[in-house]
Structure formats: structure tokens, C-alpha cells
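Colleague: Please put the model up, and I will ask about it piece by piece.

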Amino acid sequence: MEIILAPSNLGLRPLAPGHEPGTWRAPAVLLANGLAAAVGAGAIVPLPRPAYTPLAQPGTRLYNGVTMRAFNLELAARVADSHARGAFPLVIGGDCSVLLGALAGARRAGGVALVHVDGHSDFRHPGNYDPTQSLGAVAGMDLALATGRGQSHQCRAGQG
């Protein structure tokens, strides 16, 4: 088993002006409390913490959309590498948005299935909210995005 630390809070909206969600701390806290020994991890692969912003980024209607894409592409590469070396990757993130990178990396290794357990549906998408009125928070829409229900093509391509 290989633990991949993905200290992200990119998928969350701020609770108040000037607030930054602290969920990015979760991987370090779990590691400091004996997670590696508890699961018998052979290696720990830390990803650098990405910069959070509560402002819209060009080309997306998601909080931290551009930064999140880059972070999840890096996470996907790490998960795929872990699979390629025959290790079992255990991704520890700060919010639900890391599901996207973990799934993408696992899919590169072959077939993949998903069992989703969460406190809410994580299925918010442009079909059930108006993205022109508010930014989307991927931590509440990661399952919708993973199943292909996300932003319009124009936004995903960085075109508007």
C-alpha cells in the first residue's frame, strides 16, 4: 500500500468573506496520528498543497477550477504510477474534489468501479443549479462531474 497525500481544499466555497477552508490539513493530521502504520503503508507520496482562491478563475464557473484541474491531473499521474508499480494507492485528501484525480488515475490502470458514500449526494450540476448565478463548489458536485455532468464544453475548454 502506498499513501498519496492530496492536501486540497480547492473544491470548497468559503464559509464567509476572507475564510479559507481548513480541510487541506486532513492528510497531515491523519499521518501524524498513525495512519501509515495502521494501514501498513510501504511509501508515502506527498503532493504539494495548491493555492486556494475564493475568486472565479478565467474559463471556469467552479471555485478554483483551473487550479483544481492541474492538481487532479498530477494526482491522477501519481495514482496511475502507483498502480503501474503494483502498489495499492490510498489517496487521502482534504475535500471530495480529489475523487476526480483518484478516479482518473485508477482508470488508466484498467477497469474501475466506484462506490460513493457521503453525507450528501455530491450531484450538483448545471442541470439542477444556475452556474451563471453562482460559482460551483466541486466538493458538492464531484459525483456529477465524475459521471459526465459538469460545466458546458465552452467553460471546460477554457473558452468562456
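Colleague: Is threonine 60 buried or exposed?
Modeller: This is a predicted model, in which local features need pLDDT of at least 70, side-chain atom pairs count only at pLDDT 80 or more, and totals for chains, interfaces and linings use all residues. Residues are numbered from 1 along each chain as its sequence is written, and side-chain values use heavy atoms, without hydrogens and water. Buried means under 20% relative accessible area, exposed over 50% and partly exposed in between, with a 1.4 Å probe and protein chains only. The relative accessibility of threonine 60 is 8%, so threonine 60 is buried.

Colleague: Which backbone nitrogen does the side chain of threonine 60 reach?
Modeller: Threonine 60 lies in the loop between strand E2 (43–46) and helix H3 (65–84); helices (H or I, at least four residues) and strands (E, at least two) are DSSP runs numbered from the N terminus. At 3.1 Å, its side chain reaches the backbone nitrogen of leucine 62.

Colleague: How many helices and strands does the protein have?
Modeller: From the N terminus on, the order of elements is β-α-α-β-α-β-α-α-α. The protein has 6 helices and 3 strands.

Technical notes. Polar contact = N/O pair within 3.5 Å; in protein donor to acceptor, adjacent residues only side chain to side chain.
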